[in-house]
Amino acid sequence: MKKKITVLTLSLIVLLLFIPLSPVYACKGWDRKKITIIRDDYGVPHVFAKTKEGLGFGAGYAMAQDRLWQADLYRRSAFGNLAEFGLATIDQDYETRKLGYSREELKEIFDKWEPINPNAKLKEMNLAYIDGINYYITEALTALSMGDPSLVPVEYLAYGLPLEPFSIEDSVVITVMMAWRFGGTGGNELSYFAALQALQAAHGETEGWLMFNDLYPQQDPGAEVTIPGTGCKFSNSKISNPMMELPGNFGTLYNEYQQIQMGQTQLFESLGIPTKFGSNAWVVHPKKTTTRNAMELGGPQMGHSIPQIVLEMGLHGAGIDAVGMMMPQSPSILIGVSKDGAWTSTTGGSDVMDTYIESLNPTDHTQYLYNGEFIDMEVRTETFYSPFEPTREIEIYRTVHGPILFIDEVNHLAFSIKAPYYKNEMAAEEGWSLFQQARNVWDMQEAVKTIQPNHNFLWADRHGRVGYWHAGTFPIKPETGMGGRPIDDRLPLNGTGEEEWVGLTGFNEMPKCIDPKQGFLANWNNKPIADWPYGEADWGEGHRVKRIQDLLASDDKISFEDMNRINMDAGYNHIAAMSFLDDLIEAASASMDPDIQAALPYLEGWNLHYNDVLNPSWPDPTATYDDPGLTIFERWYRNIDNEVFDDDIPSGAIAGSSTLIHVFDGVDSKLPLSYDYLNGEEKYEVINRVLKEAIIYLKSIFGPDMSTWLTPIQTVTFSAQGALPAPTMHGMNRGTYNQIAEMIKGRGWNRWWKPAPHAVNVIPPGQSGFVNYMGVPSPHAYDQLALYETWTYKPMRYYFWDIWKVRESVLYFNY
């Protein structure tokens, strides 16, 4: 039921007054309980405290000042409570809750979590963080009750929503949401299964199976990898070659399920709730840098919202001295730089989750077959409220494998998802909170060992060590299953008990590399190492990481400025052109067609980038990219896939760009194909036919003068989470947040001293999401957007006096 803020105000104030703290605005001397929050000239809060609990409290209070509405929106979304406030439908909330936990289970997850290092005080920091949020809420509600709404974000007043206190369950539920959204990779078995079913329906069982392996290979020898084949210390890999067979037909059901999931994605994107993942990162060893210091660049890609999905925080004291990005649910700098090291992450993409097909009791669909008998599903009843729909009670079901995705009522089947960290997400994501306390590469590695969802982590430290880990706990499946059928990692498992996991991988199986001989490690969600067996079919030749790796390899020495230059180059690089422009130029060179010959100089003169130097350039609304070659290539590339594959590949299956690479490479392909997708034609014939069609089309749009064939600038509009108007910027393929760090190594007489790193970062459009009751935003809502668009950065500060010199505000608390 929708509630009014005025009804809850007094009761919440009374409740929150029991939090044992007192604000202090003039303190002399230094008390262990004292907390100082200094905001710098970009509004970034730096929390100074002598206890970890103090850091947690200060971080919670500072976050609430900047992002309280965002944190509230995230918790409502993660709990599936958006419909209650008119922000979603009940059916959409149900899709969230059926995969989640009850409030009681979330409390149990936190209570049962036993951190590996008690001295890190992770649970205490999280509880103090909640106290800090609630203290700000107390202040805001107290002021509001006295007629002063200046501390209340305007969204609460506009929507008439209650400003409710936070609990540890709220922190946990957001952590769970982020763990599954960014680290819950794999679990795509139904998608592959639907593709296989479509291919076999169109081409028969044998040829359909061969084509399936062309399009979705588990091992593409051409796939770019992060860990080099040789010259890497402490590397590790396991090799396997699984097989499969088709167990049934579920394509239609999967398509219906996908439509529902697309609706969920559209809902979250409309509210600015993160749905995307990407991320690039690299580290460079001192032997390859101009200053003999280790360097790191982090660029987590999560889409763009206003306020941004992440905020910046500095934590200083109690063994922590770190600055970087955090999310609003906990006092953990997830990607950042300390005086000891710089760390970053990308989503891993390996297979940590599996889909199970549950055989239901035909007379009772709340029972499923397991180990020879029908057993009851676990069930809980959830109540859903909405101001626009009748209240509904809906039952949520689980099996021994995990939550039910959907049910096939006709065929008496259900589909569930299993993950190794189910009901254990706080422990499974613990390492993220330990990075800010790591002193060296070995501390980082110990923290990474605790991570069970799949992420890549990269590290560079002041001792000159760099490292990479493809973290996660990966299911080990049986070689054969029900009826002796071979198990294939790309396809679902039967849930009858005959195809259960036989174990989980450990640290020894984790791909990792410390101090590579080549002098760098780079990742952009690509394959971690050759022959990595714990994937589905996600990695093929022609990966975007190749551009970063090529640039890093081409320079004998990398400078701090080079780190940004490489980032910018990759941000404007045309990924498809890396693999296909040469083919197009070669084919065009062999053609006698006058139109193709006229287009050839424009293709040869293009440098494979989205160049915007010539007028009109951004932010002119008529801005275009500079190269007709780009326009010609993109029109050709848009159609070449259809020309090559549409007559062979049915709806429900797709061919990726790596398959097209293998088609064009022919007998020289690193992955020989079993089917002739060119149907006997020469590749140049097909390429030039599509190029000719592209030229005819472009003439109809732009006219005969090819020099005027210029593509409009791509733009990105931020998703609005609240009252702040969404800005638009030009398109860049780069991190939502970017940091560049050089870890300065103490040398000579001061080698044991920890100098501050040379580190910069940027979070567009700005630090603050606060808009007051007059509709006036914080001055730090948009002040980093211009930096981001011009590939410039602001300094990351560590020393008290450096921060004090650019202070905008100072607060003191006792806790």
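Trainee: Which element gives the most to the lining of the largest cavity?

Mentor: α7 does, with four residues. This is a predicted model: local features need pLDDT of at least 70, side-chain atom pairs need 80 or more, and totals for chains, interfaces and linings use all residues. Residues are numbered from 1 along each chain, and side-chain values use heavy atoms, without hydrogens or water.

Trainee: Why is a space called a cavity?

Mentor: On a 1 Å grid over the protein atoms alone, a 1.4 Å probe fits there but cannot get out. Four cavities of 30 Å³ or more are counted.

Trainee: What makes a residue part of a lining?

Mentor: An atom within 4 Å of a cavity point. In the largest cavity, 26 residues line the space, with Met-178, Met-327, Leu-334, Glu-429 and Trp-432 nearest its centre. They divide into 13 nonpolar, eleven polar and two charged. Ala, Val, Leu, Ile, Met, Phe, Trp, Tyr, Cys and Pro count as nonpolar, Asp, Glu, Lys and Arg as charged, the others as polar.

Trainee: Which helix has the largest share of the second largest cavity's lining?

Mentor: Helix α2 (residues 52-79), with six residues. That cavity holds about 60 Å³. Its lining has seven nonpolar, two polar and three charged residues.

Trainee: Why are α17 and α18 called roughly perpendicular?

Mentor: Helix α17 (residues 594-604) meets helix α18 (residues 628-645) at about 110°, with the axes 7 Å apart. Axes are fitted to C-alpha atoms over the stretch in contact, and angles run from 0 to 180 degrees between N-to-C directions. Roughly perpendicular covers 65 to 115 degrees. α17 and α18 are therefore roughly perpendicular to each other.

Trainee: How do you know that α17 and α18 are in contact?

Mentor: Contact means heavy atoms within 4.5 Å. Ala-599, Tyr-602 and Leu-603 of α17 meet Pro-628, Gly-629, Ile-632 and Phe-633 of α18. Six of these residues are nonpolar, one is polar and none is charged.

Trainee: At what angle do α16 and α17 pack?

Mentor: Helix α16 (residues 575-589) packs on α17 at about 145°, with the axes 9 Å apart. Their contact has seven nonpolar, two polar and one charged residues.

Conventions
Helix = DSSP H or I, 4+ residues; strand = E, 2+ residues; numbered from the N terminus. Parallel < 35°, antiparallel > 145°, perpendicular 65-115°, else oblique. 1 Å grid on protein atoms, 1.4 Å probe; cavity = no way out; pocket = protein on both sides within 12 Å on 5 of 7 lines; lining within 4 Å. Points joined across faces, edges and corners; volume = space filled by probe spheres on them.
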